[in-house]
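Please look over the sequence and the structure shown here before reading on. The paragraphs that follow go through the model one region at a time.

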Amino acid sequence: MFKFLKEKLSNLIKGSKETEEPVEKKAKAPVKDVKENTGEKIKKLGKKQEIHKKQKEKNEEEVVYSAEKIEGKPEINELEEKIIEEANEIVNPEIEEKTSFFSKFKKKFTSKLDQGTFNNFFEKLEQILLENNVALGVVDKIREDMEKDLVNIEIKKENIEDEVKKSLKNSIERILVDPFDIMEKIKLKKEGPFIILFFGINGSGKTTSIAKLTHKLQKNNIPCVLAAGDTFRAASIEQLNKHGEKLGVKVISQDYGADPAAVAFDAIKYATSHGLKVVLIDTAGRMHTKDNLIKEMEKIIRVTKPDMKIFVAESITGNDATEQAKIFNESFGIDGTILTKADVDEKGGTAISVGFITGKPILMLGTGQNYDDLEVFSKEEIISNLGLD
Ligand SMILES: Nc1nc2c(ncn2[C@@H]2O[C@H](COP(=O)(O)OP(=O)(O)OP(=O)(O)O)[C@@H](O)[C@H]2O)c(=O)[nH]1
Ligand SMILES: [Mg+2]
């Protein structure tokens, strides 16, 4: 998780410290090449005519873009340098990306960071965050926090990287919602079984997460029963039965097309009569009919009165997952989220966004296809995985 985001943040914030020297050297080599072929590259930038005009004004016989020719003519010199710099970025974007941004940022910095320089910096950071699935509302919050920490505040030049990093870390720490402990909540309920409803669009990992949580409950000596509330998708009941067999846990089911609320109700009765502590209710995910899904959940909620409603979403779907979480939370209130497929999500912004947008914590991360691949969500781990600790 966070492979891309971590790398980008590290390049953006730490770039100058580690690469200041090589920057100059590395950046200079291609400048020479750029000068030699300037015609073509400058054309790309649409600045060639500007140079022509300036040089004609100086009565030059031919247009030569060499450093010697323009020596002592500051306005052209400056213009050429800017063009070469921009051409260099086009020709070799990696160099710009990896090295020069923070150096430039630092160069502009004296004892305080002015608003303009901060805006320039944040534009870069914003792009990185958005590209890595951090939701817009979260980016705005990060901007607000960092602006308060950094703009017009006295900072020593040598501390600027550390201060920027610290500010980003503090902001993300504030944005992430602390998870509660599911096991603790279960233990606290004294009367009747603890009912957990799982919902989310198709393929998000509901059934697999139920199986993984069953495994966790078993490890904590908490007996449970599963309700095959997905009576909609072909083979869904068989899929849950298979997990039940493997894990040695009872699955309550009816036929396909049956009312999921009735199946869940049966499972609660079973748990009550058998003294089982937890009921885990599986449901159908309907990708294209969110309204139907919401109606179905509302009915199940009315009938079963769950103690916990867990939204299950795929980490890799980014803003879609965040948006769904928001809609479901507004429709019937979620208690928390399980974010699945974190093992294949290299961006990770969903893990930062979902909690903030819903105000409800991410409880667990699905990190693979085995029963043990369900990890309790940890703020510290997220910060550490982002390379901000
Ligand atoms: N890599 C990875 N795969 C996962 C994870 N969680 C679930 N999957 C896989 O995702 C696929 C869909 O998982 P399901 O549990 O069937 O999803 P669902 O939400 O119940 O799907 P529907 O019942 O069709 O709505 C399966 O192939 C799972 O093995 C995870 O954390 N990591
Ligand atoms: Mg399922």
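**A walk through the model**

Leaving aside neighbours within four places in sequence, Ile-362 is in contact with Pro-179, Thr-337, Leu-339, Thr-350, Ala-351, Val-354, Gly-355 and Phe-377. The model in which these contacts are found is a predicted one. Ile-362 belongs to strand E7, which covers residues 362-366. With a relative accessible area of 1%, Ile-362 is buried, because buried means under 20% relative accessible area.

The next stop is the ligand.

On the side of Asp-343, an N or O atom of the side chain is 2.8 Å from a nitrogen atom of ligand 1. Gly-366 takes part through its backbone, where an N or O atom lies 3.2 Å from an oxygen atom of ligand 1. For Gln-369, a polar side-chain atom lies 2.4 Å from an oxygen atom of ligand 1. How much of ligand 1 does the protein bury? Taken alone, ligand 1 exposes 650 Å², and the protein buries 83% of that.

Helix H10 leads on to two further residues. Ser-204 is in the loop between strand E1, residues 194-199, and helix H10, residues 206-219. Is Ser-204 buried or exposed? The relative accessible area of Ser-204 is 2%, so this residue is buried. The side chain of Ser-204 reaches the backbone oxygen of Ile-201 at a distance of 2.9 Å. Not counting residues up to four places away in sequence, Ser-204 touches Val-312, Ala-313, Glu-314, Thr-340 and Lys-341.

His-215 has its place in helix H10 itself. At 19% relative accessibility, His-215 counts as buried, because the cut-off for buried is under 20%. With neighbours within four places in sequence left aside, His-215 is in contact with Leu-247, Tyr-371 and Asp-372.

Phe-2 is found in the segment before helix H1, which covers residues 3-36. The phi angle of Phe-2 is near 65 degrees, a positive value in a residue other than glycine. Lys-305 also has a positive phi without being glycine, with a value near 45 degrees. The location of Lys-305 is the loop between helix H13, residues 290-304, and strand E5, residues 308-314.

Note on methods: Residues numbered from 1 in each chain as written. Chains lettered and ligands numbered in written order. Predicted model: local features only at pLDDT ≥ 70, side-chain atom pairs only at ≥ 80, totals over all residues. Heavy atoms only, no water. Helix = DSSP H or I, 4+ residues; strand = E, 2+ residues; numbered from the N terminus. Buried < 20%, exposed > 50% of the residue type's maximum accessible area, 1.4 Å probe, protein only. Polar contact = N/O pair within 3.5 Å; in protein donor to acceptor, adjacent residues only side chain to side chain. Contact = heavy atoms within 4.5 Å. Areas by Shrake-Rupley, 256 points an atom, 1.4 Å probe, with all protein chains shown as cover.
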